[in-house]
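Let's take a look at this one together. Have the sequence and the 3D view open as you read.

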Amino acid sequence: METGSHNHCTPRFRLLDESQILRIHHSALRILEEVGVKINHRGGLELLAAHGGRVKEGGIVRIPSFLVEEAIQSAPSNLIIYNRKKEPAMELGGRRIYFGTGTDLPKTIDLETREIRDTTADDVILSTRISDAMPHIDFIGSYGLPKDIPPGLHYIRCFQLEAENSIKPIFFTAGSEEDLRIIHDMAAVIAGSGEELFDHPFLIHYAEPTSPLTHSEEAVSKLIYCSEKGIPVNYTPALLAGSTGPVTLAGALSVAVAEALSGLVIHQLTRKGAPVITGVAATSMDMLHATASYTAAEFRLTHSAYADLFHHYGLPIWGTAGCSDAQVPDLQAGAEYAFTLLNAALDGANLIHDCGYMGQGFIAAPEMIIFANELIAMVKRYMKGFEIDEDHLAMDVIKAVGPGGHFLGERHTLDFFMKEHWRPGFLNREALPKWVKKGKKTVNDKIIEKALDLSKTHEPEGLPKGVKAELSEIWETANKKTRR
Amino acid sequence: MRGIYDGILEGKVDEVAADVQKALNSEIAADDILNQALIPAMDLVGERFGEGEIFIPQVLWSAKAMQAGMVLLKPRFTSTSGAARGKVVIGTAKGDIHDIGKNLVAIMLEGAGLQVIDLGVDVSPERFVDVAVEQGAEVIAISALLTTTMQSMGEVVSLIRKRDLPSLKVIIGGAPVDMTFCRKIGADAYGMDAMDGMKKVRELLKG
């Protein structure tokens, strides 16, 4: 028997060593102790003060390290997120990777006309259905900010449309706590009751502090609400190095981590053990165009760094990948999708969002969800590695075939070829003559074709009639209330 | 004067302050220092930024150097020169706290020699108009990053109409804003970025 060797090799990556992890950790703690954070929410401020936070002028509170360490301890290190049917869908923890789309894209590239136009509610329905059909898309974001829904109502409407068009877990944003309440009501109707929802959450709320080192009233109220109600919340900063954070990556990372951790403290003080996902986005601000990059190498570095740090903490980790700064699905988009997805997988991030994003987080292109799915599959094959054991070393077969023979007809080849080798659905593997004969289709052509096909044929599992009707009622009430 | 000009291009705050003081001490008129050194220098900074030759941090330091000079010039301006330059009220739309863009535009406008009243973030339509009227500003510049906050830009335009202030112009900008939205709400101009915003404000002030 083979001893002392694992017979399965898998890619491994880490950026920070132990001492560097501690350095960043201590830097974040120092920021919280010596600089503090501004809490614009009375209840949040009082909560921190009551537990040892030192309140200074202007709503700034300095947070002692023990509060941070306690919050890291009490926050669950593994979260089961269910789908709409109460089946476990994601286990967020460890180095398990899950992928999903993002939220709030104001523009969409029309599938047919290729025009970059305002996003509509129909786009949200379409992207939800496409995501529903994709085997490697594990959770669903609105992927749109519909212009044809009154502002202030769109978060609620998007949640409803997503729930109606897929059973997959929903990653959602909300404007105010009021939006959250209504969405929670809808989710409780779907789950059967508030308690059922608490036990089988199929939704994750996404909220953010404001860099640098500020927690707005709205953000804190949503954070606290989610903690109380057991709604898993992803509370993560998006910081621009050189603008809303230090220009140097180590500094930007420390500030962002301090923001995430201070949010974690408030969340856990509200209710110990409440479900939470953490992480940061610290990226470059382009110093010419004042735009935020979704794909910069610097972003990948801070992403890998905080992943190492939060693995060390043992907390479920948010991630960003499968996105592009390009305005249209071109070479840049292809390169950036691949680069970011591979990195996020190697980082072992758990909840990797924004797959399908274009235009620096402003543009949706439904076919790119399919492209992201394809690359995720490829990355997953890579992450799977390969086995090194008797069967896979294949000595018997090698001897049988011998020099100058071939392996195509071997039993071994038949038995293993499908498990061992990944075949793309859309990336080209055809030789030139056939490709020409079949119409010279690029991968862009193929994914658009598939998206159009799905838009006509894919039938997601709908909501039970009674539930659908109740959601409509909740929507109508909210709609009328706002229009008054 | 050449020293002041170069000092601004290079973002040398203390040197510009010292040189401006020297120039004032040698009886050179404040208006001349402004029009022959400060403004042309910032014009070139704006041009280079527009061409992608220099970047935001460098623009900001040039602006700081210019401000250091301005601070010394202000008390020496004649009343006519003060009025001629134009006044702009700037801020981010109600509910919006994203101010990088707004800050850049404010700097470009000051660099162009305009008087800028920066109301900061999350500014209500009423405050925009009240301050503009109070201070005699000719232009209100509003920035937004969120699609939810850009709606209040339309309210500023309506308020101006309601209060019958036809000479008060509105320029808007920000990532979710475009020319179509500008036309829809009846604003007077749309700035694509800081440079473009600055140029459009100057046009609004001329016409």
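## Two chains, by the numbers

In chain B, the 22 positive and 28 negative charges have mean positions 3 Å apart. Here Lys and Arg count as positive and Asp and Glu as negative, while His and the chain ends are not counted; each charge is placed at NZ of Lys, CZ of Arg, CG of Asp or CD of Glu. For chain A, with 49 positive and 62 negative charges, the mean positions are 2 Å apart.

A word on the ground rules. This is a predicted model, where local features need pLDDT of at least 70 and side-chain atom pairs count only at pLDDT 80 or more, while totals for chains, interfaces and linings use all residues. Residues are numbered from 1 along each chain as its sequence is written, chains are lettered from A and ligands numbered from 1 in the order in which they are written, and side-chain values use heavy atoms, leaving out hydrogens and water.

Now chain A. It has 18 helices and 21 strands, counted as DSSP runs (helices H or I, at least four residues; strands E, at least two) and numbered from the N terminus. Its radius of gyration is 24 Å, close to the 23 Å that the globule rule gives for 484 residues, so chain A is as compact as a globular protein of that length. That radius is taken over C-alpha atoms, and the rule is 2.2 Å times the number of residues to the power 0.38.

Chain B has 10 helices and 5 strands. With 207 residues, its radius of gyration of 17 Å is close to the 17 Å from the globule rule, so chain B is also as compact as a globular protein of its length.

Here are the chain totals, with buried meaning under 20% relative accessible area (1.4 Å probe, protein chains only) and areas from the Shrake-Rupley method with a 1.4 Å probe.

| Chain | Buried residues | Accessible surface |
|---|---|---|
| Chain A | 54% of 484 residues | about 21,300 Å² |
| Chain B | 50% of 207 residues | about 9,600 Å² |

Which strand of chain B pairs with S4(B)? That's strand S3 (residues 139-143), which runs parallel to S4(B) over 5 bridges; strands pair if DSSP finds at least two bridges between them. Strand S4 (residues 169-173) of chain B has 4 of its 5 residues buried, so it is largely enclosed by the rest of the structure.
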